[in-house]
Amino acid sequence: MNEVLIALLVLPLLGAALTLAPVFGPDRAVADRRALRLNTVVTGAVLLLALALAAGFDHDAPARMQATTDVSWIPALHVRLHLGVDGVSLPLIVLTALLTLLCALYSEKRLPNGEGRPSARAFVGLFLLLEVGMLATFAVLDLLLFFTAFEIVLIPMYFLIARWGSGAKVPAANRFILYTLLGSAVMLLGFLLIGGKAGTFDMQALAAAHGKGLSHTTQVIAALAILVGLAVKAPAWPLHSWLPDAHTAAPTVGSVLLAGVMLKMGTYGLVRVLLPVVPDGATTLAPYLGAFAAVGIVYGSLACLALARPGAKGDLKRLIAYSSVGHMGFVLLGIASLTPVGVNGALFANIAHGLITGLLFFVVGALKDRYGTADLDTLAGATGAALYGRAPRIGVLLAFAAVASLGLPGLAGFWGELLAMLGAFDPAAGLSRPAFVTYMVLAGLGTLLTAAYLLIVVKRVCMGDPKQPAPVAEVADLRPYEAVSWTPLAALTLVAGLWPALLLGLSDPAVKHLLGGG
């Protein structure tokens, strides 16, 4: 299966390169249509390869790295072209391939309006390059390759926001790139420290050593640098301030991929690198990570409540972005517990957040297309209220995504949050149980606040404001291309909620392997 994994990375790279070739014809409209069709074909083929990788994966040994390729790349720096997947990375690769295909299908019918009418070829080239970086982040097993893949995604996303976004898109894109580049630079220092002391950048060898050969001081310094760098991407409070602006300005497909995949790159790095490679450093910093996670959960929920209240002129995309700060707080809390239960909950919450928030951003993007705004007061007013009456299918999908996001049992959002709090209730040896129980209580408060603001959003947008006259004008309900793009996310949200063993059966052996020095 190693050829399948290599093809999965090479195919979108070739597709991106093809957009630079003069093969689309001189007519601008025809060239744009062909480029968008190429985007759909390439991302569809990548998803088929990801499904083939999942089908060929040995599910009886998810802790073992599979589909591996390991060849020397830069011998002088001990850098190897090392690829592979296990039960931690496989679900994220499939999620990435799925979301990119759904975004490509959506863009083929609803290409965002770019400043100065940039060509669809440029959009497709950046989109496929973004897919390469996201997939490679979850597939590489060398620290310097991980850093390289981590950085590849920044430039395409910067231009997707700055050229195809709306509102204050250039300042938002600038803040996104500056924050993430600064975090990456700090993370690189941690990688170089580990590689210099251990004599290798191979993540499997470092995980197997489980900190041996690295002094306690070295582990703490490296863990702090890596944690800060990855926390920016997660994003963890208080390093989150780039996220609301980026989501508000980004086009719909940019928001879907930013929330659905790119935020997961940070938390994946914590599980793949921080926990097994520098375990002493992770144990030292875990209480602080847990504290920041708990504060982030409450802070994100309170910010959403403030945006959801009438008269606040809250932007619905901005509200969902702040909700991501809270939801990713649960992921970080599970990781901070350093227990198999908590880390499994974090990985499950990663996938659930990608499905649910991807659906939310698709729906809100459709509302913004129809009404020209995502302002909650406008959507809840006389001209834009009562989706249940005007566009019932969109209203139902918005309500479904909202109740999944608040953690309703039976849907995907429930299990990750529950397991993360269970991990905090009984943290790993060496961690203060009273402190982590306090974090768990704050997280529980966050679930109540999350339910409050999401139900307010559903009431205002789907049911309307009772003080306003009933709207009479009709709006377009769910369009066919929207149904094709959104239905898989809703279906998988339900499947993951009813059958959590589908993901936990993959991640649990791999997590125990990593925590035990895999």
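Colleague: Which helices each supply at least two residues of the lining of the largest pocket?

Modeller: A pocket is an open space, and its lining is read by asking which elements contribute to it. In this predicted model, the helices that do so are α2 (28–56), α3 (90–109), α14 (340–371), α20 (480–498) and α21 (501–515). The largest share, five residues, comes from α3. The volume of this pocket is about 470 Å³. Its lining has 20 residues, and the closest to the centre are Pro91, Val94, Leu492, Leu502 and Leu503.

Colleague: What is the lining of the largest pocket like by class?

Modeller: It has 19 nonpolar residues, one polar residue and no charged residues.

Colleague: How does α3 pack with α4?

Modeller: One reads the angle between the two helix directions. For α3 and α4 (residues 120–139) the angle is about 170°, and the axes are 9 Å apart. Angles over 145 degrees count as roughly antiparallel, so α3 is roughly antiparallel to α4. The contact between them has 11 nonpolar, three polar and one charged residues.

Colleague: Which elements line the second largest cavity with at least two residues each?

Modeller: A cavity, unlike a pocket, is a space from which the probe cannot get out. Here α3, α14 and α21 each supply at least two residues, and α14 gives the most, with four. The volume of this cavity is about 80 Å³. Among the residues that line the second largest cavity are Pro91, Leu92, Phe348 and Leu503. By class, eight are nonpolar, three are polar and none is charged.

Conventions: Residues are numbered from 1 along each chain as its sequence is written. This is a predicted model: local features need pLDDT of at least 70, side-chain atom pairs count only at pLDDT 80 or more; totals for chains, interfaces and linings use all residues. Side-chain values use heavy atoms; hydrogens and water are left out. On a 1 Å grid over the protein atoms alone, a cavity is a set of points where a 1.4 Å probe fits but cannot get out, and a pocket is an open set with protein on both sides within 12 Å along at least five of seven lines; lining residues have an atom within 4 Å of a point. Grid points are joined across faces, edges and corners, and a volume is the space filled by probe spheres set on the points. Ala, Val, Leu, Ile, Met, Phe, Trp, Tyr, Cys and Pro count as nonpolar, Asp, Glu, Lys and Arg as charged, and the others, Gly among them, as polar. Axes are lines fitted to C-alpha atoms, for helices over the stretch in contact, and angles run from 0 to 180 degrees between N-to-C directions. Angles under 35 degrees count as roughly parallel, over 145 as roughly antiparallel, 65 to 115 as roughly perpendicular and the rest as oblique.
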